[in-house]
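Please read the report below alongside the sequence and the three-dimensional view, and take each part in turn.

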Amino acid sequence: MSYQVIARKWRPNTFEEVVGQNHIVQTLRNAISISRIGHAYLFAGSRGVGKTSTARIFARAINCKDGPRPDPCNECESCQEILASRSMDVIEIDGASNTSVDDVRELRESVKYAPAKTKYKIYIIDEVHMLSKSAFNALLKTLEEPPSHLIFIFATTELNKVPETILSRCQYFEFKQIGSADIVKQLNLIAKSDGIEISLDSLKRISHAAEGSLRDAESLLDQVISYSGKRVEDGQITSLLGMAGQDLIGKVVDKIIDRDSEGLLALYQEVIQKGQDIRMFCRELQEYLRNLAIAKVSRDPKKLIDLMEEDLSFLMKQAERIEVEEIQYLFNTLLKIDYDLKSSPAPSLVLEMALIRMSRYQPVQLLEDIMKKLSSIDLGEKTASPSRCAAPAKAGVKEAAPEEKAPEREEKKSGHASGPDVWEKILERVRGKKEPLHSYMASGTEMVQLDSAVLRIGCREKWIQERLKTQENTAVIREAILEELGSPREVRLESIEAASAAQEVPKGKEETFKEKEAPQKMPAIEESSTPRIIQEAVQIFNGTII
Amino acid sequence: MSFKNIFGHERQTELLQRAIISGNVSHAYLFHGPEGVGKKLAACTLAQALNCERRDGDSCGQCRSCRNILKGTHPDVLFVQPEEGYIRIEEIRAVQKMLGYRAFEGGWKIAIMEGCDEMSIGAANSFLKTLEEPPDRTTIILICSNYNSLLPTIFSRCQRIRFNPLHGGRIQDILIKVKGAPLEAACAMASLADGSLGRAFSIDLQEAIKLRNEAFDLILESGGRDVVDLFALGKKISGMKEELKGLLCWMLTLARDLAVTKITGERGLVKNKDLLPKIEALAKKFSHEALQGMFESINGALASIQRHANPQLTMDHLLISLTARGRTLKN
């Protein structure tokens, strides 16, 4: 027998040997031991996690000599036959090569016959996602009510391509990606039994590169062994796996942070010369950025970052020099070119240009930040001392001044709450009486003036004024005023322009009212014919209209 | 041809040789790396070495078996290439059938599949089972330039061996030594070859430079083009078929050179060294953003062509966007 690669040699033969899929193994064994074997199973999961192996073990366990038993003996005739894949009752079909409806028809013909030697006839259909639509459909009836001797086991990497009508007829198991620790453990076992000297650190790197697939890890280990023989040096691993390594990536990120495009490109040339795999490089860079982001935001980064001490401290130092937003930008840039790297005939150029873009990142002010800044200005104005607030207004824009306080002074004296508060309360009462009216008033009107005799309401739109004028509505408003203030007022409706013209009168008195600064904004705005939005802008930025 | 005669891949060949000597030959290899660096040569040599009558872990190149493999007439060594841009399921079936028989000559059965990144999805999937567990004394060698476009299920089943681009100086040396090229031409060819010895050998220098200059003109004149000319030009270019991809690749390197020059001014980083003065002059005219945009448009067009999009529409679109960009520059 010629040499077999590790992945084949170490293909698990018992449920115990299946790595990292305890949830499935347990279920299948229990199903056998309590005699509840389903007639159709679907195993799904990414490559190299044990789907086909589990299917084969399961088939042996069911057809083992002493009747279905939780663990196959691997010694009886039936097990031996299945192991050598010459059993007549366990048939493994390559779904990707037999995709047509004719293949399924053939299958349906053959399933009718009882098993030759054992209790069950088991069909393992691998890569089942490649069956054509009509092939799947031709299978439905058989799959739903198969003869009692029949068991189907489907295996696939692409669950999304399997129709739901198939799914609903199967017991379906999702195989997990295998954890790094499990992979390392298994690799270690293999290395030990084959007499290979390899450090735990190297195994960790291999398991990392394998991305949760045990077969990938085993292929890589094979590759490493066939290059370095029985003794594997730590230093060889990164280059053998085609990885750039933490140091180099750290340098690259350094250059990006320093905006040193020139140095970055020179460094990148080195990477290319070394024959670095571009996509792997990109992925390593992404991972580095991920670590950097975590170092930036996490309180206990050690927990989440799987790095050696010195690398981690380097990373932490670097994290101080970069903002989270920039990390996000860099990461996104890499993410966007991922597809191009896959398909472009010149991936190295694509990555190079992306690196240039990354090294020329200009921090963009986030909308949130801008908003925050704006609102802090706004707030500052409200809480600032009166003189500070009045100053810009006086200096610049006539209308933004805190002048027209006159009416409210009387309110204060009479013990009522100040202007806007009263208005709010009146509106609240209106709401209690007539909801629709309130909504007009809240959005379309403002109180212009309130004194012992008159309440002037400014309307932003003519139609609102018309609405309020109706007898019914005026009555409601009067009632509300009476309830709130304890005494009736004359209600005067006017358009906002008219109102602001009227406001010119109390000017010059401002000095006296400075202490009553706070609730100024609303009336202030009405003062001029300048568009409202400009007025607001002027207020927010303490500006001047030139 | 002996493993010793494969230039620039000492580590890779050593790995293969060691595998043969220690009997650890994997049932599936994936040789990946840029075009024309020696992947097929290495695969061929591996096939020869496995079947060589001398059985010393290398290929003698003299015995009947070695010669037959080189000629492609060995009954146990099958070469597969994409036809009309694809490897189809039929070809995979042929491989499976051939691997199903015992070796005629009692040695190893070997399938060498070039351009396997062009396998159709169906073909790739139908190959999985064979690739995972082929018969004894069989090895399947997949060759591709970009293994990332393979299904993960394919490359997870192979031992992957990366072939690096060759160093420019190295190519130059080889050209002088093997082809007897004059120094100057060798230098230009080495820089055009961009790490690929195969390209360096196959390059008709005149032709390549002509194509490259055409690409340069496309970029140079992008601003001053009339819309009517533009469509005529698009039609002409898209008629180039095989060369179209090459042209776009050249445009890509030129756009990259322009951007690199713009940013660093470092002459050593420029790939098209013979065009340096022109590139430097042109780089001044564009803003960095414009160059990034240009690169992106060309890259987009290349990706579309790669995906078998309509060449004329793609080229029209590219020319329009280049022209628009050139126009804004002028204004």
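Is B:Arg137 buried, exposed or partly exposed? With 19 C-beta neighbours inside 10 Å, B:Arg137 counts as partly exposed, because a residue is called buried if 20 or more other C-beta atoms lie within 10 Å of its own, exposed if 12 or fewer, and partly exposed in between, with C-beta atoms placed from the backbone.

This is a predicted model, in which local features need pLDDT of at least 70 and side-chain atom pairs count only at pLDDT 80 or more, while totals for chains, interfaces and linings use all residues. Residues are numbered from 1 along each chain as its sequence is written, and chains are lettered from A and ligands numbered from 1 in the order in which they are written.

**Two residues with positive phi**

B:Arg137 sits in the loop between α5 and β4 (138–144) of chain B; the helices (H or I, at least four residues) and strands (E, at least two) are DSSP runs, numbered from the N terminus. Its phi is near 50 degrees, a positive value in a residue other than glycine. Most residues other than glycine have a negative phi. A:Asn74, which is not a glycine either, has a positive phi of about 60 degrees, and its place is the loop between α3 (51–63) and α4 (77–83) of chain A. A:Asn74 is partly exposed, with 15 other C-beta atoms within 10 Å.

**Two residues and their surroundings**

B:Val25 lies in the loop between α1 and β1 (28–32) of chain B, and B:Val25 is buried, with 23 other C-beta atoms within 10 Å. Apart from residues up to four places away in sequence, B:Val25 touches A:Tyr3, B:Ala19, B:Ile20, B:Leu50 and B:Thr139, where contact means that the C-beta atoms of two residues, placed from the backbone, lie within 7 Å. B:Val25 and B:Leu46 are 21 residues apart in sequence, and their C-alpha atoms are 9.9 Å apart in space.

In chain A, A:Leu167 belongs to helix α7 (residues 164–167) and is partly exposed, with 13 C-beta neighbours inside 10 Å. Its contacts, not counting residues up to four places away in sequence, are A:Leu42, A:Val162 and A:Tyr172. A:Leu167 and A:Leu42 are 125 residues apart along the chain, yet 7.6 Å separates their C-alpha atoms.

Two packed helices are described by the angle between their axes and the distance between the axes. Here the axes are lines fitted to C-alpha atoms, for helices over the stretch in contact, and angles run from 0 to 180 degrees between N-to-C directions.

| Helix pair | Crossing angle | Axis distance |
|---|---|---|
| α8(A) (residues 180–193) and α10(A) (residues 214–228) | roughly 40 degrees | within 10 Å |
| α13(A) (residues 261–273) and α19(A) (residues 347–359) | about 155 degrees | 10 Å |

The angle of the former pair makes α8(A) oblique to α10(A), whereas α13(A) and α19(A) are roughly antiparallel to each other; angles under 35 degrees count as roughly parallel, over 145 as roughly antiparallel, 65 to 115 as roughly perpendicular and the rest as oblique.

**Chain B and its contact with chain A**

Chain B has 15 helices and 5 strands, and buried residues make up 46% of its 331 residues. The contact between the chains takes 47 residues from chain B and 46 residues from chain A. On the side of chain B that touches chain A, the largest share, 9 residues, comes from α12(B), and by class this side has 16 nonpolar, 21 polar and 10 charged residues.

**The nonpolar cores**

A nonpolar core is a set of buried Ala, Val, Leu, Ile, Met, Phe, Trp, Tyr and Cys residues joined through C-beta atoms within 7 Å. The largest one has 197 residues, and those with the most contacts inside it are A:Ile153, B:Ile141, B:Met251 and B:Ala255. The largest share of this core, 11 residues, comes from α12(B). Leaving aside neighbours within four places in sequence, B:Met251 is in contact with B:Ala215, B:Leu218, B:Ile219 and B:Ile298. A second, separate core of 19 residues includes A:Val476, A:Ile481, A:Leu493 and A:Ile496.

Technical notes:
Nonpolar A, V, L, I, M, F, W, Y, C, P; charged D, E, K, R; others polar.
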